[in-house]
Amino acid sequence: MIGAVVIVGSSGEDGAERLLSSSTIQFEHGCVACIELLGRTVLGRTIEELLRGRVDSVAVIASSPFASAVIGHEQVGFFAAQDVWQKAWEKAKGFHAEAVIVVRLGAYVEFDPADLLQFHRDQGKAVTRAWSDDGSLDVWVVDPEIFAQNNGLVSCLGSEDPARYLVPGYVNRLESARDLRQLITDGLGARCHFRPQGTELRPGIWLGHGAEVERTARLVAPVYIGRASKIADQCLITRGSNVESNAKVDYGTVIEDSTVLSNTYVGIGLDLSHSIVDGDNLLHLQHGVSLKISDPVVLRPIRDNRVRSGVDGSFLASLKVRNVAMSSLPKKGQ
Amino acid sequence: MLTSGPVVVMQVPEQFNAGEVRNFMEELGPLLESHRPRIVLDCSQVRSIDSAGVEALLQCLEETLKRDGDLKLAALSPESEVILELMRVARVFEAYPTSDEAVRSFNALPVDAVSQEAPWYSAVFGDLRAVKEAS
């Protein structure tokens, strides 16, 4: 039996910050792993890959309840906890598995769990850690035998020099808003498995279920329009932009090289470029500016008629884009 | 209100929104009605600007242009720049890093210094006239 613990949110155990390879984009109530991107959260995609790769049971430990919205599988349990590492420790021990995969989100890492487990067995070490070309990743395989010698998951993961598993697949550390945009463009450009959820209407033009695009609106590939979102007449959406679920882009607005997160209204006749918007928050990547737009005719959160988007609307509305540009913690081994 | 020769420099309020726009326009009104108004709006104190603020800026620009004057922006914060770009008006305004530079830009090309030379097309039409007269 193979178990997996997926940790979402901040660290709560002493030494966790030192152990973790990087910080991630942190929002007020969670992290980027719980935000729907190209129709699906990083958390949802990670769970799917784990289940596909011989993992029998997954425990998701999150510091906020918003992550629970992505859970809809009998092999997956969700546990909210303030001290996510303590809860993860309890769950890891409770699996009684032959090996436990520990994943801490939110970097997006494409790895084959079966290949990782085989590598772990071949190396014969108690702990294996995943690496990419630029440093360690927060993905481990742990033998349960070492649980008895430790008093916490963090000390367990850091207890000995782990075997290094070089991830052959795509890695995006999601440390900054630029990384987030890069993930979107890589996904739309089929440079990774982070593919849009929906139907490819024409090459590079993706529509989620129930998306409405008015006749005179123009979509210039590559773009993604999420489910139940609306694009009004005379709009132009282009250059790798994504409009996530239940968002509305109003008449004549141009969206270029930008991300509109779920449940966001973008007003009439605007020119949105190189930005990430969430409700009434806007982060401009070129200017390096984050601001809250107080004018509801320009930007605002959509609070009613909400679809299940993987996260709660209040979470999106409370996104602190100011926190998006995060300083990286030193990577272990660097 | 500060003046620097014929160019007037005016501070834009910190919260340039619907509530502040009215006072601002009342203060600026007499100036806009003068002949060839040359105005610099110093935005160094602006912390937030909404659609009413942007509309007021456009209204001021329109009034100055109607009277053969001009309006320039100075010391725009990155936040204000983002708003102006978002609302598609950034390219409409001439913007300078400081008020001094904005004022100097007026002096560099005085309103009276409009070229008195004949426009490029006059040569063509001049030739045509000559041909017509010859025929």
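How many residues of strand β6 (residues 57-62) of chain A are buried? In this predicted model, in which local features need pLDDT of at least 70, side-chain atom pairs count only at pLDDT 80 or more, and totals for chains, interfaces and linings use all residues, β6(A) is mostly covered, with 6 of its 6 residues buried. Residues are numbered from 1 along each chain as its sequence is written, while chains are lettered from A and ligands numbered from 1 in the order in which they are written. A residue is termed buried if 20 or more other C-beta atoms lie within 10 Å of its own, exposed if 12 or fewer, and partly exposed in between, with C-beta atoms placed from the backbone. Helices (H or I, at least four residues) and strands (E, at least two) are DSSP runs, numbered from the N terminus.

In a regular strand the side chains alternate between the two faces of the sheet. In β6(A), A:Ser57, A:Ala59 and A:Ile61 point one way, A:Val58, A:Val60 and A:Ala62 point the other way, and all are buried. Strands are taken to pair if DSSP finds at least two bridges between them. Strand β1 (residues 2-8) of chain A runs parallel to β6(A) and is joined to it by 6 bridges; A:Gly3 has A:Ser57 as its bridge partner in β6(A). Pairing in the parallel sense also links β6(A) to strand β7 (residues 76-80) of chain A, over 5 bridges, and A:Val76 in β7(A) is the bridge partner of A:Val58.

Elsewhere in chain A, 5 strands form an open sheet of mixed pairing, in the order β16-β19-β22-β25-β30. Because β16 (212-213) and β30 (299-301) stand at the edges, each with a single partner strand, one side of each is left without a neighbour in the sheet. Within this order, β22 (residues 248-249) and β25 (residues 264-266) of chain A pair in the parallel sense over 2 bridges, and the partner of A:Lys248 in β25(A) is A:Tyr265.

The loop between β14 (199-202) and β15 (205-207) of chain A contains A:Pro203. A:Pro203 is exposed because 7 other C-beta atoms lie within 10 Å.

In chain B, helix α3 (residues 78-86) has as its buried residues B:Ser80, B:Val82, B:Ile83, B:Leu84, B:Glu85 and B:Leu86. These buried residues pack against β26 (271-273), β28 (281-284) and β29 (289-292) of chain A, together with β5 (48-49) and α2 (51-66) of chain B; contact requires C-beta atoms, placed from the backbone, within 7 Å. After α3(B) comes B:Arg88, with a positive phi near 60°.

How values were computed. Contact = placed C-beta atoms within 7 Å.
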